[in-house]
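Subject: The structure I promised you

Hi,

Here is the structure I said I would pass on. Have a look at it first, and then read my notes below.

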Amino acid sequence: MALIEQQTFSDDRTAFHDSDNGVYRYCSFESFTADGPHIGAVFVGCTFKAVDMYWTMFNCAVLVSCTFEDCVFRGATFASCKFIDCTFTRCRFVADNMGG
């Protein structure tokens with residue numbers, strides 16, 4: 001299990017490279033679109049700002065003390081996820097372009 005600390009990610013190619021088995025601690029995810037990533041990692045004290053997540057599958061992810069600001073979740077799923085002490089500010093949860 002990889003530990004990623006205090007990194008800033010601004011594109012989807014690098015943001016979720018360890019998203020199924022990594023631990024992200026105090027990382028920032030800013031201003032990009034993620035198309036279809038599978039996310040099952042642990043996120044502690046991370047910030048997500050202006051991230052557009054399309055068909056993102058948060059499967060068994062654990063998010064602790066994370067903040068989400070101005071994010072869009074289109075067709076995203078959150079099966080068996082745990083959100084602990086997280087905040088969502090001006091985020092939108094909308095259907096995908098296929099109505100799902």
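Glu69, Asp70 and Arg90 are linked in a network of salt bridges. By salt bridge I mean a side-chain nitrogen of Lys or Arg within 4 Å of a carboxyl oxygen of Asp or Glu. Side chains of opposite charge can pair when their charged atoms come close.

A word on the ground rules before the details. This is a predicted model, in which local features need pLDDT of at least 70 and side-chain atom pairs count only at pLDDT 80 or more, while totals for chains, interfaces and linings use all residues. Residues are numbered from 1 along each chain as its sequence is written, and side-chain values use heavy atoms, with hydrogens and water left out.

One part of it joins the side chains of arginine 90 and glutamate 69, with N and O 3.0 Å apart. Arginine 90 sits in the loop between β13 and β14 (92-94) and glutamate 69 in strand β10, so this pair ties together parts that are 21 residues apart in sequence. When I write strand, I mean a DSSP run of E with at least two residues, numbered from the N terminus (helices would be runs of H or I with at least four).

The other part joins aspartate 70 to arginine 90, at 2.8 Å from N to O. This pair also links distant parts of the chain, 20 residues apart: aspartate 70 is in the loop between β10 and β11, and arginine 90 in the loop between β13 and β14.

Glutamate 69, at 29%, is partly exposed, and so is aspartate 70, at 32%. The cut-offs are under 20% relative accessible area for buried, over 50% for exposed and in between for partly exposed (1.4 Å probe, protein chains only).

Stay with aspartate 70 for a moment. Its loop runs between β10 (67-69) and β11 (72-74). Leaving out residues up to four places away in sequence, aspartate 70 touches Ala50, Val51, Thr89, Arg90 and Cys91, where contact means heavy atoms within 4.5 Å. Aspartate 52 is 18 residues from aspartate 70 in sequence, yet their C-alpha atoms are 8.7 Å apart in space.

Glutamate 5 is partly exposed at 34%, and arginine 25 is partly exposed at 31%.

Glutamine 6 is in the loop between β1 and β2 (8-9). With a relative accessible area of 63%, glutamine 6 is exposed. Not counting residues up to four places away in sequence, glutamine 6 touches Arg25, Tyr26 and Cys27. The C-alpha atoms of glutamine 6 and serine 28 are 7.4 Å apart, although 22 residues separate the two along the chain.

Now follow strand β7. Strands β4 (residues 28-35) and β7 (residues 47-54) pair in the parallel sense over 7 bridges; to count as a pair, two strands need at least two DSSP bridges between them. Alanine 34 stands opposite methionine 53 in β7, and methionine 53 has phenylalanine 73 in β11 as a bridge partner. β7 and β11 are parallel and share 3 bridges. β7 and β10 also run parallel, joined by 3 bridges, with threonine 47 opposite threonine 67 in β10.

One last stop: phenylalanine 88, in strand β13 (residues 87-89). Phenylalanine 88 counts as partly exposed, at 36% relative accessibility.

Cheers
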